[in-house]
Amino acid sequence: MTMNVDVAVIGGGPAGLAAALECRKNGIENILIIERDKQLGGILNQCIHPGFGLHVFGEELTGPEYAQRYINMLAETDIKTLTDTMVLSLSPDKVIRAVNSELGIVEISAKAVILSMGCRERTRGMLRISGTRPSGIYTAGTAQRLVNIEGYMPGKNVVILGSGDIGLIMARRMTLEGAKVKGVYEIMPKSGGLRRNIVQCLDDFGIPLHLSKTAVEIHGRERVEGITVASVDENLAPIAGTEEYIECDTVLLSVGLIPENEVSRSAGIEIDPKTRGPVNNGNFSTSVPGVFACGNVLKVYDLVDNVTKDSVLAGKAAADYIKNN
Amino acid sequence: MEIKTYDFAVVGAGVSGAWTAYELSKYTAKTCLLEKENDVAMGATKANSAIIHAGYDPVPGSLMAKLNVRGNALVRELHEKMDIPFRQIGSYVIALNDEGEEKIKELYERGIKNGVEGLKLLSKEETLAEEPNLSDDVRGALLAPTAGVCSAFEMSCAPAEVAENNGVDLIRNFAVSKVSDDGDYKLVEAADGRVVRARVVINAAGVHADEVAKLFGDDSFKIIPRRGEYSILDNNCGGLVKHVIFQPPVKFGKGILVSPTVDGNILVGPTADNIDDKDDKITTGAGQKVAFDGARKSVPTVSERDVITSFSGIRPIGGKEDFILGFSDADKSLFNVSGIESPGLTAGPAVGEYVVEQLIKNGYALEKKADFDGNRKVFRFNELSDEEKNEYIKKNPLYGRIICRCETVTEGEIVDAVRRGAGARDMDGVKRRVRAGMGRCQGGFCGPKVMEIISRELNIPMSEVTKFGGGSWMVEKD
């Protein structure tokens, strides 16, 4: 099946929703959002904690509430969506190949494309932590999905590696669900998480944050049984003799996010090695004319409000591109 | 409980056991394949270099030499029919100094004696023209065009599946712990009390083969576990080398290699450490440094920064400098297939053939099945044309739902992986069969969805879904 649209938005999270709405506001008629999940909203759907929307809406919302505001706005437009649909590739002449259960392979030709695929979490493999390969090691975001969407507890005795915001949020979440969070271990001398998350998610629950400490070995053959942590020197190398064994059945990793740019690469879009997102050629345009990028696929943001603000600009830029070409 | 009676009980569903079961499934005799883990290929087979060696390494006249060269030929012959991922990319043993130059000439001579086809000594210029990323210190190389890379897992999963489809009973979580006589038969008992009866027990228990042999009163060999650590690099490093790049062999094995994998990543390793504990599959920072420092002698630009995952495997060293293959002197109902160290993966198909030959030679009258079907086809959505994809999605919409975005794996393929012969029973089983969770996010996104599919297909609660059987649970009970 083939389709022709003015703007195709890849990813229906906060970035894609804001960008699509802004395109419509600027008079673009034929807009399509392609979303891999069954519903729009992206990762906000599993962020059931408050703290979203203070800048954009002037009030504190949960992730799903924040997403719903945009989904409601979208419902009042004629913007089309394809959910449960995975984009397989994008060509430099802006043809998207996607697949879903209903339509099979779909080819979508677009005058402009907005990339808003978000990011993924760094994994244990990338950290190269020594030791065994048991079950019970999850990225914080995967654990968040299991707890908040699927309704399952990954474990009861938890150590969190890295103090990214999702890790901090999950320290509180797991505690509220009855788990014992033994501590958060951060290799850097300061946390990369938001101050308010350290206060509200750790301090308020008496969960210790250990700085300049990292995991050196994971233990347990079948399920995680413990983890050895050690202090690190100024080069982030573990200091011999400072090792400490902590018993746990679950390790959550919150050690950074990486913009997810496999689709961008398939179009030959130039990637900035620092941000790991597309090079921003001004106004959120990429190295391929007519392809724009916004949200965490461009660079990793701290606040969804800022994603929204920038994505509005990207949507405007895409609309202007269509009018001028 | 009813005790089932078999002609042959093969212990261990690694590469040797699986190919033995595969060969036996061509005959009307009743065979079972006893595996102590929740899946096939969980021991030495799972974690190694996944290289199909040409056969210039083993000492001429040894079983290792004979079965390596024969195994190589069988892999090239059977891989399409059985859908075993294999790429015949050829291997280089590179010489970096005078000693190395001597060594590759010696290996060339050895290879000729072993009957290896196509061997060629290359000059420095010829070597660098083909492999420009090699160290400038390279003096030349031995090219073996029949070598290749495969999926080590599929090298035992494929024959196990064909065996099961042709009547072999694959019995999982059966850790052989006791053996007793029952007339002309042996009663083989698992740790959990289950029992099977068999005329001949074929001991392909890998690193644990000496323990199984002891249950029969055979203490003629001892398996020394030797750990090797490996790292896999991102597939954006895929073009780094085109052939398997070996350094000349050292005392403890074939040395550190840099090689493309069958999936287009780059593999670096292994280290070689004799250890005490047969299941101690840890990776260590020190091991990784050894591997990369070694690898940089061949390919200077290879970097730890590109590692996407690392693993370690245990090789069963039999201490006899050859495979231990034959009826035990202690008990004639025991046939040892032991000490299958490198090139054991390559030799696998030939080991299976050899075992059956020996059984026949020793008076076991085996009758060929008329209806043996040796074909196996794995459906890989990603490899189809758009027209084919659409046809499949129409027939089964699950093929239109991508579960693993990094490796483009559909729900239909995951369901197939659970339902097929010798199918997946856990998360790692799905990952190894269809690559869901193998990519960049390492299962971060698809993990919860795969858990749900396994739970649904096996009709078990989520809390009983495991990573790899036993106590490797994923989530708490509700």
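# Close-up views of a predicted two-chain model

**Figure 1. Helix α4 of chain A meets helix α12 of chain B.** A:Thr142, A:Arg145, A:Leu146 and A:Glu150 of α4(A) touch B:Pro448, B:Lys449, B:Met451 and B:Glu452 of α12(B). The model shown here and in the other views is predicted. By class, this helix contact holds three nonpolar, one polar and four charged residues.

**Figure 2. The interface of chain B and chain A.** On the chain B side, 46 residues are in contact with chain A, and 43 residues of chain A take part. The size of an interface is often given as the accessible area lost when the parts come together. Here the area buried between chain B and chain A is about 3800 Å². Carbon and sulfur atoms give 53% of that area. Which three residues of chain B supply more of its buried area than any other three? They are B:Arg405, B:Arg440 and B:Glu476, with 15% of the area that chain B buries against chain A.

**Figure 3. Polar contacts and the elements of chain B at the interface.** Across the interface, 18 residue pairs are in polar contact. Strand β18(B) gives the most, with five residues. By class, this side of chain B has 17 nonpolar, 14 polar and 15 charged residues.

**Figure 4. Salt bridges between and within chains.** Side chains of opposite charge can pair when their charged atoms come close. The whole structure has 51 salt bridges over all chains. Five salt bridges cross the interface of chain B and chain A. In one, A:Lys156 pairs with B:Glu476, and the closest N and O atoms are 3.0 Å apart. Within chain A, A:Glu260 forms a salt bridge with A:Arg36, with the closest N and O atoms 3.3 Å apart. A:Glu260 sits in the loop between β19 (257-259) and α7 (262-266) of chain A, and A:Arg36 in the loop between β2 (31-34) and β3 (50-52), so this pair ties together parts that are 224 residues apart in sequence.

Figure 5. Most residues other than glycine have a negative phi, and most peptide bonds are trans. Where is the bond cis? One cis peptide bond joins B:Gly269 and B:Pro270, with omega about -5 degrees. B:Pro270 lies in the loop between β16 (266-269) and β17 (273-274) of chain B. Another cis bond runs from B:Ser342 to B:Pro343, with omega near 5 degrees. B:Pro343 is in the loop between β20 (334-338) and α8 (344-361) of chain B. In chain A, A:Ser212 has a positive phi, near 55 degrees. A:Ser212 is placed in the loop between β14 (209-211) and β15 (213-219) of chain A.

How values were computed. Residues are numbered from 1 along each chain as its sequence is written. Chains are lettered from A and ligands numbered from 1 in the order in which they are written. This is a predicted model: local features need pLDDT of at least 70, side-chain atom pairs count only at pLDDT 80 or more; totals for chains, interfaces and linings use all residues. Side-chain values use heavy atoms; hydrogens and water are left out. Contact means heavy atoms within 4.5 Å. Buried area is the accessible area (1.4 Å probe) that two parts lose on being put together, summed over both. A salt bridge is a side-chain nitrogen of Lys or Arg within 4 Å of a carboxyl oxygen of Asp or Glu. A polar contact is a pair of N or O atoms within 3.5 Å; within protein, one must be able to donate a hydrogen and the other to accept it, and residues adjacent in sequence count only if both atoms are side-chain atoms. Helices (H or I, at least four residues) and strands (E, at least two) are DSSP runs, numbered from the N terminus. Ala, Val, Leu, Ile, Met, Phe, Trp, Tyr, Cys and Pro count as nonpolar, Asp, Glu, Lys and Arg as charged, and the others, Gly among them, as polar.
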